[in-house]
Amino acid sequence: MTTTAAAQLQTIATLWPDLDDALGTPVAATWPPAGLRTYLAALEQHDATETAALRMLERSPDQLGARPVPVNLRIMDTMRTVEAALHETADQIASANQHAVETSHPHRWHFTGRPRGAAWTALWLSARADNVFWPGRALTDAQARHLRHVAREALHRVEQALDLAVEQRELDAQHRCPCGGRIVITGGAGDQPTARCRQCGAWWTERGVVAA
Ligand SMILES: [Zn+2]
């Protein structure tokens, strides 16, 4: 894909409300697909339980029970990771390039005070990538390169979380084809997910074996 960092960051801002929606929704696991999901159910359950246990350890006691609705941990992880990456990158750019003179320009980055949301930060970074005027210097080549990397990674994570990316995943050794080969599942991005055996080449969909 050859879209610019500016365009990718705008897409992130556009998709952010979808992440908000998905956060409180029970896992609508379209990927892996329903038929193949049973294959993975035990695995996913184990992962979710373990992650939840780790989260409990991270929280301070007064936060316990603060959220009555179970949240989608995968979405929450994505939102936290992407938001942190965007904020960090904006902080870096602003601390290096922003003019010290106080102005009320709307594109001025504020390090303190009310934290900006991820969508706003994505748009702010998009403007920096596009070299939109602001009270600061243009990005250096190294900064632009770093921002391209951040934008690409962040958009990939968002797309993955929203099941918009083409995914491929190899099942672990416990879930093998009858022939003993390892199974690879491919799906996402609206495509019919399929599973394929690396060894015998059998492939099947939710509806059953297609070819063996
Ligand atoms: Zn096989």
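Leaving aside its neighbours within four places in sequence, Leu125 is in contact with Leu9, Leu86, Thr89, Ala90 and Leu147, where two residues count as in contact if their C-beta atoms, placed from the backbone, lie within 7 Å. The model is a predicted one, in which local features need pLDDT of at least 70 and side-chain atom pairs count only at pLDDT 80 or more, while totals for chains, interfaces and linings use all residues. Residues are numbered from 1 along each chain as its sequence is written.

Read along the sequence, the elements follow the pattern α-α-α-α-α-β-β-β-β-β. Of the 212 residues in the protein chain, 22% are buried; a residue is called buried if 20 or more other C-beta atoms lie within 10 Å of its own, exposed if 12 or fewer, and partly exposed in between, with the C-beta atoms placed from the backbone. Among the contacts in the protein chain with a separation of 6 or more, 60% join residues 24 or more positions apart.

Leu125 leads on to the core. The largest nonpolar core has 27 residues, and those with the most contacts inside it are Leu9, Leu125 and Ala154; such a core is a set of buried Ala, Val, Leu, Ile, Met, Phe, Trp, Tyr and Cys residues joined through C-beta atoms within 7 Å. At least two residues of this core come from each of α1 (5-23), α3 (73-97), α4 (118-129) and α5 (141-161). In soluble globular proteins, nonpolar side chains tend to be buried together.

The packing of α1 against other helices can be taken one partner at a time. With α4, α1 packs at an angle of about 165 degrees, the axes being 8 Å apart; axes are lines fitted to C-alpha atoms, for helices over the stretch in contact, and angles run from 0 to 180 degrees between N-to-C directions. That angle makes α1 roughly antiparallel to α4, since angles over 145 degrees count as roughly antiparallel, under 35 as roughly parallel, 65 to 115 as roughly perpendicular and the rest as oblique. The contact brings Ala5, Ala6, Leu9, Gln10, Ile12, Ala13 and Trp16 of α1 together with Ala118, Ala119, Ala122, Leu123, Leu125, Ser126 and Ala129 of α4. These residues divide into 12 nonpolar, 2 polar and no charged, where Ala, Val, Leu, Ile, Met, Phe, Trp, Tyr, Cys and Pro count as nonpolar, Asp, Glu, Lys and Arg as charged, and the others, Gly among them, as polar.

With α5, α1 packs at an angle of about 30 degrees and with the axes 9 Å apart, and the two helices are therefore roughly parallel to each other. On the α1 side the residues are Ala5, Gln8, Leu9, Thr11, Ile12, Leu15 and Leu19, and they meet Leu147, Arg148, Ala151, Arg152, Ala154, Leu155, Val158 and Ala161 in α5. This contact divides into 11 nonpolar, 2 polar and 2 charged residues.

With α3, α1 packs at an angle of about 145 degrees, again with a stated axis separation of 9 Å. Leu19, Ala22 and Leu23 of α1 and Ile75, Met76, Thr78 and Met79 of α3 make the contact, and these residues divide into 6 nonpolar, 1 polar and no charged.

Leu147, found in helix α5, is buried, with 23 other C-beta atoms within 10 Å, and beyond four places in sequence it touches Ala5, Thr89, Leu125, Arg128, Ala129 and Leu139. Ala129, in helix α4, counts as buried with 23 C-beta neighbours inside 10 Å; its C-alpha atom and that of Ala144, 15 residues apart along the chain, are separated by 6.6 Å. Leu123, also placed in helix α4, counts as partly exposed with 18 C-beta neighbours inside 10 Å, and its C-alpha atom is separated by 6.5 Å from that of Ala13, 110 residues apart along the chain. In the loop between α4 and α5 lies Asn131, which has a positive phi of about 65 degrees although it is not a glycine, and which is exposed, with 11 other C-beta atoms within 10 Å.

Note on methods:
Helix = DSSP H or I, 4+ residues; strand = E, 2+ residues; numbered from the N terminus.
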